[in-house]
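Here is a short report on one structure, written for reading beside the model. Each section takes up one region.

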Amino acid sequence: MFASNFQPPENWDRSGLPGWTYASEELFALEQDVLFRRHWMLACHISDLPEAGHYIGFDIGTERALILRGKDRVIRAFHNLCRHRGSRVVEGSAGQCKQALTCPFHGWTYNLDGTLKSALQPRSFPPLDPVEWGLKPIEMDIWHGFVFIRFQPGPQPPMSRLLARFDNLVTPHGLADMIRVDGEFVFAEADVNWKSMRDVDNEGYHVPKAHPSLQDLYGKDYVDEPYVDGASLSIGKLNDKPRQFWSVREYRKLVSRLTHLPAPQNDSWIYIGIFPNSVIALYPDSAVFYQEIPTGVKSTRQRGAVYRFADENREMRAARYLSGRIDGLTADEDLQLTKWTDEAPESSGFDGIILSDLEYGVRSHHDQLRSLMPVFNDPAAPPAGTLAKRNSMLAESTAQETKQTHG
Ligand code: FES
Ligand SMILES: [Fe+2]
C-alpha cells in the first residue's frame with residue numbers, strides 16, 4: 001500500500017558531503033545565517049501555550065525568540081529582546097506571565113500582545129510610542145497546530161503551503177487538538193555536528209541492523225521518500241506479528257485494539273522531515289516532534305516533545321507509554337552511531353562514503369545544503385578567513401549560469 005514511486009536518478013553521485021563541512025567554524029557561522037535564521041523553525045505546538053500569558057522560549061544560534069499567547073488568545077512570536085537595552089525579557093524554555101512581561105534588567109513591561117506597557121521612570125525618557133517600542137515581531141506560521149517561526153526572510157514559502165501536500169495524511173490525527181504530555185521539552189546533548197545527527201535520521205537503511213525493535217515493529221514494510229521542496233516522508237507500516245521484543249508485541253496488540261483512526265494512520269508510524277532540522281512523527285497513539293539545535297560546530301542539542309490525543313483512554317495511554325519506550329531505545333542507538341560517524345572524517349583512514357539507493361534521503365538533504373551554500377561542493381575547506389567570500393562568489397556564478405541557461 002505504501003510502495004513508493006520514488007526511484008533515485010541513474011548514476012547519482014553517492015558520495016556524502018566533504019568531511020571538512022562537519023568541522024568548520026566558518027561554515028557553521030554561514031549555516032547559522034543561511035539556514036537557521038532564514039528558514040522556518042518548528043518552535044512549539046499551540047497546546048504548549050494553553051492560557052494567556054504562557055510563553056515558549058526558543059533559541060538557535062545567535063537568535064532568541066519568545067512565542068506568547070495573548071489575552072485575546074492569539075499566539076504571537078517576538079524576538080526575546082528588550083527594546084531598552086537588549087536584555088532577555090523572559091528566560092527559560094517555557095513559563096507563564098500573568099498580566100504583562102517584565103524585563104529583569106530595568107523593569108520595562110510589555111503587554112501580552114507585545115506592545116510596550118510602561119517604562120520605569122518614564123519621565124526620564126522622551127515619550128515612547130507603545131507600538132514603536134514594543135517587542136519586535138517574528139514571522140510565524142501555524143500548520144495543524146505546530147508553530148513555525150522565521151527570524152529573517154528566506155527562500156521558503158509559508159510552512160502551511162510547503163507542507164500542504166501532507167494535509168490529507170495528517171488530518172485524521174487532529175494534530176491541532178492534541179495536547180502536550182509533561183511540562184518540559186526533552187533535550188539531549190551530543191558533541192557532534194548537527195548534520196551528523198540529521199544524516200543518521202535521514203535514511204531507513206540502518207533500521208534492520210541498528211534498531212532491532214523498530215525492525216520488529218515495522219521492518220517488513222518501510223518506505224522513505226527524499227526531501228522534495230524542503231520536506232520528506234517516511235512510512236513504516238506495523239508488522240502484523242512482531243516476534244522479538246515484548247514491548248513491541250504488547251504495543252502491536254494494543255494498537256490493533258485502537259479504533260479512533262482510519263487506515264493507514266491506525267497501523268503506521270509516519271515521519272515528516274522538514275528541512276533543515278526537524279521531524280514531526282505521527283503514531284497511532286501520539287505525535288512527537290524532534291529537531292537538532294546546533295549549539296557549536298561540534299555540539300548539538302536535540303529538542304522534542306510528545307503530544308497525546310485529547311480523548312486518550314487507558315489503552316491509548318498504555319500504547320503511548322510503549323511507543324515512548326521504543327523511541328527511547330532508538331534514540332540511544334542513533335546517538336552512538338551519530339558519534340562514530342561524526343568522528344570518522346578526523347581519521348587518517350577516512351576516504352569518503354558511498355550511499356545506497358536506500359539512503360537517497362541523505363543525499364537529497366545534502367543537495368539542498370549544496371544549492372543554498374555552494375561552498376559545500378569544495379572538496380577541501382577554503383583557506384582560513386575566506387569561506388564566506390568564496391561562497392558568495394560561487395553563488396553568484398551559479399546564479400549567472402542559471403540566468404544564461406534560462407535566459
Ligand atoms: S534592558 Fe530591559 S528594561 Fe532595561
Ligand atoms: Fe535511526
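## Ground rules

Two strands pair if DSSP finds at least two bridges between them. Strands (E, at least two residues) and helices (H or I, at least four) are DSSP runs, numbered from the N terminus.

This is a predicted model, in which local features need pLDDT of at least 70, side-chain atom pairs count only at pLDDT 80 or more, and totals for chains, interfaces and linings use all residues. Residues are numbered from 1 along each chain as its sequence is written, chains are lettered from A and ligands numbered from 1 in the order in which they are written, and side-chain values use heavy atoms, with hydrogens and water left out.

## Strand S10 and its partners

Strand S9 (residues 139-143) pairs with S10 in the antiparallel sense, over 5 bridges. Tryptophan 143 has phenylalanine 146 in S10 as its bridge partner. The two strands, S9 and S10, form a hairpin with 2 residues between them. Histidine 144 sits in that turn and has a positive phi of about 45 degrees. Strand S1 (residues 41-45) also pairs with S10, antiparallel, through 4 bridges. There, cysteine 44 stands opposite valine 147.

How many of the residues of strand S10 (residues 146-150) are buried? The count is 5 of 5, so S10 is largely enclosed by the rest of the structure. Buried means under 20% relative accessible area, exposed means over 50%, and partly exposed lies in between (1.4 Å probe, protein chains only). Both faces of S10 are covered. Phe146, Phe148 and Arg150 are buried on one side, Val147 and Ile149 on the other.

## The four-stranded sheet

An open sheet holds 4 strands in the order S4-S3-S2-S5, with antiparallel pairing. Its edge strands are S4 (75-79) and S5 (94-96), each of which pairs on one side only. Neighbouring strands of this sheet are turned by 25 degrees against each other on average, direction ignored. For such angles, axes are lines fitted to C-alpha atoms (for helices over the stretch in contact), and angles run from 0 to 180 degrees between N-to-C directions. Strand S2 (residues 54-60) joins S5 through 3 bridges. Isoleucine 56 stands opposite alanine 94 in S5.

Histidine 79 is found in strand S4. Is histidine 79 buried or exposed? It is buried, with a relative accessible area of 11%. Contact means heavy atoms within 4.5 Å. Leaving aside neighbours within four places in sequence, the contacts of histidine 79 include Glu63, Arg64, Leu135, Pro137 and Phe151.

## Threonine 102

Threonine 102 lies in strand S6 (residues 100-102). Threonine 102 is partly exposed, at 45% relative accessible area. Beyond its neighbours within four places in sequence, threonine 102 is in contact with Val89, Gly107, Trp108 and Thr109. The C-alpha atoms of threonine 102 and leucine 120 are separated by 10 Å; the two residues are 18 apart along the chain.

In helix H4 (residues 194-201), 7 of the 8 residues are buried, so the helix is largely enclosed by the rest of the structure. The buried residues are Trp194, Lys195, Ser196, Met197, Arg198, Asp199 and Val200.

Histidine 206 lies in the loop between H4 and helix H5 (207-210), and aspartate 334 in helix H8 (residues 314-343), so distant parts of the chain, 128 residues apart, are linked. Both histidine 206 and aspartate 334 are buried.

## Aromatic pairs

The structure holds 13 aromatic pairs. Rings of Phe, Tyr and Trp (its six-membered ring) pair if their centres lie within 6.5 Å; planes under 30 degrees apart count as stacked, over 60 as edge-to-face and the rest as tilted. Tyrosine 218 and tyrosine 222 are stacked, at 5.2 Å centre to centre and 10 degrees between the planes. Tyrosine 218 is buried at 1% relative accessibility, whereas tyrosine 222 is partly exposed at 24%. The rings of tyrosine 218 and tryptophan 269 have centres 6.1 Å apart and planes at 65 degrees, so this pair is edge-to-face. Tyrosine 218 lies in helix H6 (residues 212-218) and tryptophan 269 in strand S15 (residues 268-274), so the pair ties together parts 51 residues apart in sequence. Tryptophan 269 counts as buried, at 0% relative accessibility. Ring pairs link Tyr218, Tyr222, Tyr251, Trp269, Tyr271 and Tyr283 into a cluster.
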